[in-house]
Amino acid sequence: MIHYGRHHIDEDDINAVVEQLRSGWLTQGPKVSEFETVVANYVGARYAVAVSNGTAALHLACLAAGVDEGDRVITTPNTFVASANAAHFVGATAHFADIDARTLNIDPIALAEECRTLGKVKAIIPVHFAGLACDMQAIRIVAEKYGAIVIEDAAHALGAEYHEGGRVGNCRNSDMTIFSFHPVKMITTGEGGMITTNSEVYYRKLLRLRSHGINKLDDPFEHRDDAYTDGEKNAWYYEMQELGFNYRITDIQAALGLSQFQKLENFLDRRRALSMRYDQAFKKSGNVTPQQNEGRQLSSMHLYVVRIPFQQLGIRRHHFMSRLRDYGYTTQVHYIPAHYHPFYRKKGYLPGRYPVSEQYFDECLSLPLFYGLQEASQDHLVACIAELLH
Ligand SMILES: *Cc1c(COP(=O)(O)O)cnc(C)c1O
């Protein structure tokens, strides 16, 4: 069975993990900061903090940014629920702004409109859907007007580039960027995530929040009498000054991440090449419309998404997907609009609220795309789709 996404693990990855296990450092060792440095340098951000997963990264980014009880956060409906849930983790509420049908990313005009309606907005979480960067300059302008913090959800977009140049995660137009290293994402650590930022204040806060809220680096102590003996710092002493979590990543995972990172450019090249093969194959198909196809070289190509007018064709998507499964291919739907989920529906978001996302959802399908996908399988899948639509 060929799935829509899949990790690629080679002998180097296995050796890196085995070597790490032999090194004696399982967690809180030097591999984590090595991994952070490599990713920070690559994306062009000053700081990076690795955490246990991308959702934890979103949670910590919201906490570090001071998103709080009663605050409003705007994200896109076309995302994995974690982007919106992060607001609720800290007692804020998620709001949505519809997508641009061409980019499938949050529409800066709809975002400006939503900000105007809400009046006060604490944070904006744009998502670089499928690996295509959002228009961050436009989003930044809206954010500045409302004094909102910007947290980029780049779970799909390690290795992607902005239209105006620079790698996603450089935070030139945002406060923080989060990444995910789940196996279907660009590189994997099993589970894992990272936050990049150029702010030392956020960086230091993220380091504390990742580990119970305990002081890090040269954070000053509040209880100096307990911290020092005759002016000398007590080696055993530490202070928890705010409520944090255990969202640490292990050194075993960081070792895997570093090894995976060495293959990132190959992963990107392959994903882009396979995407353009799909584009070529669907060129003459009237019913299969590749999405975001102007951005292949800038996108990290996490997903290959097409639109098929199922309703017009009198086909149920479920049946279509089942037939593809019979042929050996598992496709997926990215995404069920976040506001369709019962949790958000109960908050008053009715269907019809974000029509562009909803119409897109009715027609979208993610086809298999990953480093190890064989061209022969791709050709066979294209043929199967053509046959089913005939
Ligand atoms: C995968 C994903 C996340 C969450 O990452 P995890 O590492 O699975 O917690 C967040 N946002 C988006 C858009 C994602 O695709």
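**Entry 1: E36 and R210.** I looked up E36 and found a salt bridge with R210, the closest N and O atoms being 2.8 Å apart. A salt bridge here is a side-chain nitrogen of Lys or Arg within 4 Å of a carboxyl oxygen of Asp or Glu. E36 sits in helix α2 and R210 in helix α7 (residues 200–210), so the pair ties together parts that are 174 residues apart in sequence. Helices (H or I, at least four residues) and strands (E, at least two) are DSSP runs, numbered from the N terminus. I noted E36 as buried, with a relative accessible area of 6%. R210 also counts as buried, at 13%. The cut-offs are under 20% relative accessible area for buried, over 50% for exposed, and partly exposed in between (1.4 Å probe, protein chains only).

**Entry 2: conventions.** I noted that this is a predicted model, in which local features need pLDDT of at least 70 and side-chain atom pairs count only at pLDDT 80 or more, while totals for chains, interfaces and linings use all residues. Residues are numbered from 1 along each chain as its sequence is written, and side-chain values use heavy atoms, with hydrogens and water left out.

**Entry 3: other salt bridges.** The structure holds 19 salt bridges. E34 pairs with K31 at 3.4 Å between the closest N and O atoms. Both lie in helix α2 (residues 30–43), 3 residues apart, about one turn of the helix. I found E34 partly exposed at 38%, and K31 partly exposed at 23%.

I then turned to R307 and E363, whose side chains meet in a salt bridge of 3.0 Å, N to O. R307 is in strand β11 (residues 304–307) and E363 in helix α14 (residues 355–363), 56 residues apart. R307 is buried at 16%, whereas E363 is partly exposed at 21%.

I also listed a network of salt bridges that links E200, R204, K205, R208, D218, D219 and E242.

**Entry 4: the two domains.** The domain assignment gives domain 1 (11–261) and domain 2 (264–389); such bounds come from an automatic or database assignment. Their C-alpha centres lie 27 Å apart. I read that 40 residues of domain 1 are in contact with 33 residues of domain 2, where contact means heavy atoms within 4.5 Å. How many salt bridges cross the interface of domain 1 and domain 2? The rule finds 2. I also looked up E294, which forms a salt bridge with R102 at 3.5 Å between the closest N and O atoms.
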